Amino acid sequence: MTDVDAVVIGAGNGGLTAALGLARAGVQTLLLERHNVPGGCATSFIRGRFEFEVALHQLSGMGTESFPGPLRDMLTRLEIIDRLEFIQMPNLYRLVLPDQLDITLKADRSAAVDSLKARFPAETEAIDRFFDLVYEYCTQWVGVTIFRDPESSPEKYPSFFKYALKPTQTILDDFFKDPLLKATLGIYWSYQGLPPSRLSFGDFAIVLWAYIEFKPFHLKGGSQALSSTLLDAFLQAGGDVRFNCGAREIQVADGQVTGVVTDANDQIATRHVVSNASTLATYVDLIDKAHVPAARLRELGARTVGTSFVNVFLGFDCEPAELEITETTNFVAVTDDLDEVYRKTRALTAPEAMLFTCYDVDDPDFSPPGACQAALVGLAYAEPWLTVPPHDYFDTKYRIAGQMLEVLYRVFPRCRDHIEELEIGTPVTHMRYLGHPGGAAYGFDQYAKDGEYFLDRRSPIKGLFHVGAWAGMGGFQPTLMSGYSTSRAVVRSLQAGKGNG
Ligand SMILES: Cc1cc2nc3c(=O)[nH]c(=O)nc-3n(C[C@H](O)[C@H](O)[C@H](O)COP(=O)(O)OP(=O)(O)OC[C@H]3O[C@@H](n4cnc5c(N)ncnc54)[C@H](O)[C@@H]3O)c2cc1C
């Protein structure tokens, strides 16, 4: 039996920043990861001469050196900011609906507004009012939730209280007539996994505002560079890691964590566990049922497992310009009906709206010279994929990838003749590599009822902490930040000599 102060289960974003935060605070920490590389979603893989980025399309919350965002602040506090090279993207996205719409929005409020007005002149005044509301809402949200104003009230923060929980679609319908304009503004919903009719305006507005104010970023070496840097810093701070070594059990006695058993059957005594595994797996698979309060299981049972992805990773034998790819971030859709797009995420068909990211546009060194890579991605729930018998799986994924490519060729026809490498990921792939139910990369569906205003994220088991998408919001910024803030909570708990602060 080994004794450590804390065990971190899972080396995804949340697990890595938690582990580093703990090791830096002098906490003796063991990190367990079932895969053979750090990162979880934040990773890469190699095919031919390409190292494919798995997950990161746009990093939020960075901001610039002169106007740092919360993620830049956190990476600075973790003393790894200088080890990473970030690439700022000038645009939010280009959205193309073949034969209907082709618009690019800059990551700048007035330039984005100008582009929208030029394409939708009949709605000029509404566009101004909409952006005023987004900014007013987000300013008030900062006051209430970031600065935690003790005097917050509907009188002091009227937009926050009025709009936080309203469906985004209601606001889009109130402001605009043209469905294409609504789709143009609503397309970022895919970063949160729920369409505007189901996504709270609060969550939608913050994403749009944050990408404009703090700009979208990528980084040299992709998300694997971030994951590897976090791991290196953790090891340099005295942390210990075991790869190919999942946690099989979290041991509990009298409501307090007492240890962890690994897949290799090693027993580690500890009173603090930070789990980056899904909360479902943590409470259902890792902890003996007798120690899990029924209320926690009921609360988990009331939530729904979120979307995963179908990804087509493409290595091209030429530069982006030869393919007429001019933007890094492109959305390609065949309909402006975002509810219909969402319905199809539960069917075994090609997604009707896809993100197409060509990393080499803003980072020409991302792929080998004379080549470039792109990811074509659509949201997909796992259920239909789990009905595919093993002998049909290969054909099914190639059939759907083929349909996705046919849509892509309507916008970028030259891509057809330049594919050198192609790999496909499905929800089943994400289940296998992440170990999460449904291969869900954002955790649970991000309904407002399950969000920050209503859920108590503390564990009823002393010494147990949760980080990552399943414990809050999905996405790089929220998961990275959840790990760091949890490390602070564990340190406080250790200092107080109790289970979980
Ligand atoms: C295709 C795709 C595109 C995306 N695009 C973006 C984007 O552009 N911008 C953005 O902000 N976000 C994006 N995301 C979402 C973002 O990547 C995730 O929300 C985030 O990385 C999840 O981090 P996490 O901390 O929850 O850990 P995860 O990445 O879920 O990792 C969890 C880790 O825990 C390990 N683990 C699980 N169980 C055990 C166990 N029992 N023992 C040991 N280890 C265990 C897993 O192996 C894994 O390494 C994307 C995701 C995907 C898949």
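Modeller: Helices α4 and α8 are roughly perpendicular to each other, a term for angles of 65 to 115 degrees. Helices here are DSSP runs (H or I, at least four residues), as strands are (E, at least two), numbered from the N terminus. This is a predicted model, in which local features need pLDDT of at least 70 and side-chain atom pairs count only at pLDDT 80 or more, while totals for chains, interfaces and linings use all residues. Residues are numbered from 1 along each chain as its sequence is written.

Colleague: At what angle do α4 and α8 cross, and how close do the axes come?

Modeller: The axes of α4 (residues 124-146) and α8 (residues 201-214) cross at roughly 100 degrees and come within 9 Å. Axes are lines fitted to C-alpha atoms, for helices over the stretch in contact, and angles run from 0 to 180 degrees between N-to-C directions.

Colleague: Which residues meet there?

Modeller: From α4, V134, Y135, Y137, C138 and W141 meet G202, A205, I206, L208 and W209 of α8. Contact requires C-beta atoms, placed from the backbone, within 7 Å. These residues divide into 9 nonpolar, 1 polar and no charged; Ala, Val, Leu, Ile, Met, Phe, Trp, Tyr, Cys and Pro count as nonpolar, Asp, Glu, Lys and Arg as charged, and the others, Gly among them, as polar.

Colleague: Turning to the ligand, how many residues surround it?

Modeller: The ligand is surrounded by 40 residues, and the closest are G10, G12, G40, H57 and G468. The elements giving two or more residues to this shell are α1 (13-24), β15 (308-316), α15 (427-434) and α16 (476-496). A residue belongs there if its C-beta atom, placed from the backbone, lies within 6 Å of the molecule. By class, the shell has 17 nonpolar, 21 polar and 2 charged residues.

Colleague: Between which domains does the ligand lie?

Modeller: It lies between domain 1 (2-49 + 223-303 + 447-496) and domain 3 (307-434), because both give residues to the shell. The bounds come from an automatic or database domain assignment, which also gives domain 2 (107-214). The C-alpha centres of domains 1 and 3 are 30 Å apart, and their contact takes 6 residues from domain 1 and 8 residues from domain 3.

Colleague: And α1, how does it pack against α9?

Modeller: Their axes are 9 Å apart at an angle of about 25 degrees, α9 being residues 222-236. That makes α1 roughly parallel to α9, the term for angles under 35 degrees. L16, T17, A19, L20 and A23 of α1 meet S227, L230, L231, A233 and F234 of α9, a set of 8 nonpolar, 2 polar and no charged residues.

Colleague: What about α1 with α16?

Modeller: Those axes lie 7 Å apart, at an angle of about 35 degrees. The residues of that contact divide into 8 nonpolar, 10 polar and 1 charged.

Note on methods. Parallel < 35°, antiparallel > 145°, perpendicular 65-115°, else oblique. Contact = placed C-beta atoms within 7 Å.
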